[in-house]
Amino acid sequence: MAFESHIRRGHPIIFSLLALFGIIELALSAWLTARFDRFHDYSDISERDRVRFTLFASIWTVVSSVLFGVLFTVHSTASAVTNIISHVVWSVLSWIIWTAAAAAVTEMLGGGLNCNDVTGFNYCGQLNALEAFAWIEWILTTFAVIVVLICAISAARRGDGYRGGLVSQY
């Protein structure tokens, strides 16, 4: 039961952090996308596309984490949207999306830019921040995957199966 109280308390915190950092990443990637679309000053088309993918990843995370967070708060045990299998699918899919986004941005920047010696990149500070917040989102989704898998194992052991709630009803 102690673990379930941590889940009831921690779920809104993790999903709020995912939404918060997702909004920051959304602002960065949307601003960069707008600048690239207006001035066409990206270093190559790959840079533009990777920033756009990060924009998609942040929109996905903000919308879905707010939805999961609110639904868990309202129906922590009774909803099909807040059961184990939906959390497993969401967390693994989000982890894959953020792994791709963070790795793509990191590869594009070569691990980060030295803003004092930049050749070929505009918006150095914004691109470094984009990379940093992408890795923060990846860390949070990795933590969510681990916790959800622990909850799935616990639910299977208590007899609820994978369609059971993230926490028990009692």
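Author: Partly exposed means a relative accessible area between the buried limit, under 20%, and the exposed limit, over 50%. The model discussed here is predicted.

Reader: Is Trp95 buried, exposed or partly exposed?

Author: The relative accessible area of Trp95 is 31%. Buried needs under 20% and exposed needs over 50%, so Trp95 is partly exposed.

Reader: Which residue forms a tilted aromatic pair with Trp95, and where is that residue in the chain?

Author: The count of aromatic pairs comes to 10. In one of them, the ring centres are 6.4 Å apart with 40 degrees between the planes, and the partner of Trp95 is Trp138. The pair links distant parts of the chain, 43 residues apart: Trp95 lies in helix 3 (residues 84–109) and Trp138 in helix 4.

Reader: Which cysteine of the disulfide is buried?

Author: A search of the whole structure finds one disulfide, formed by Cys115 and Cys124 with their sulfur atoms 2.0 Å apart. Cys115 has 43% relative accessibility and therefore counts as partly exposed. At 11%, the buried cysteine is Cys124.

Reader: What is the handedness of the disulfide of Cys115 and Cys124?

Author: The handedness follows from the torsion about the S-S bond of Cys115 and Cys124. That torsion is about -90 degrees, so the disulfide is left-handed.

Reader: Which residue has its charged end over the ring of Tyr42?

Author: Tyr42 belongs to one aromatic cluster with Trp31, Phe36 and Tyr123. The charged end over the ring of Tyr42, 5.7 Å from its centre, is that of Arg48.

How values were computed:
Residues are numbered from 1 along each chain as its sequence is written. This is a predicted model: local features need pLDDT of at least 70, side-chain atom pairs count only at pLDDT 80 or more; totals for chains, interfaces and linings use all residues. Side-chain values use heavy atoms; hydrogens and water are left out. A disulfide is a pair of cysteine sulfur atoms within 2.5 Å. Buried means under 20% relative accessible area, exposed over 50%, partly exposed in between (1.4 Å probe, protein chains only). Rings of Phe, Tyr and Trp (its six-membered ring) pair if their centres lie within 6.5 Å; planes under 30 degrees apart count as stacked, over 60 as edge-to-face and the rest as tilted. Helices (H or I, at least four residues) and strands (E, at least two) are DSSP runs, numbered from the N terminus. A charge sits over a ring if NZ of Lys or CZ of Arg is within 6 Å of the ring centre and within 35 degrees of the ring normal.
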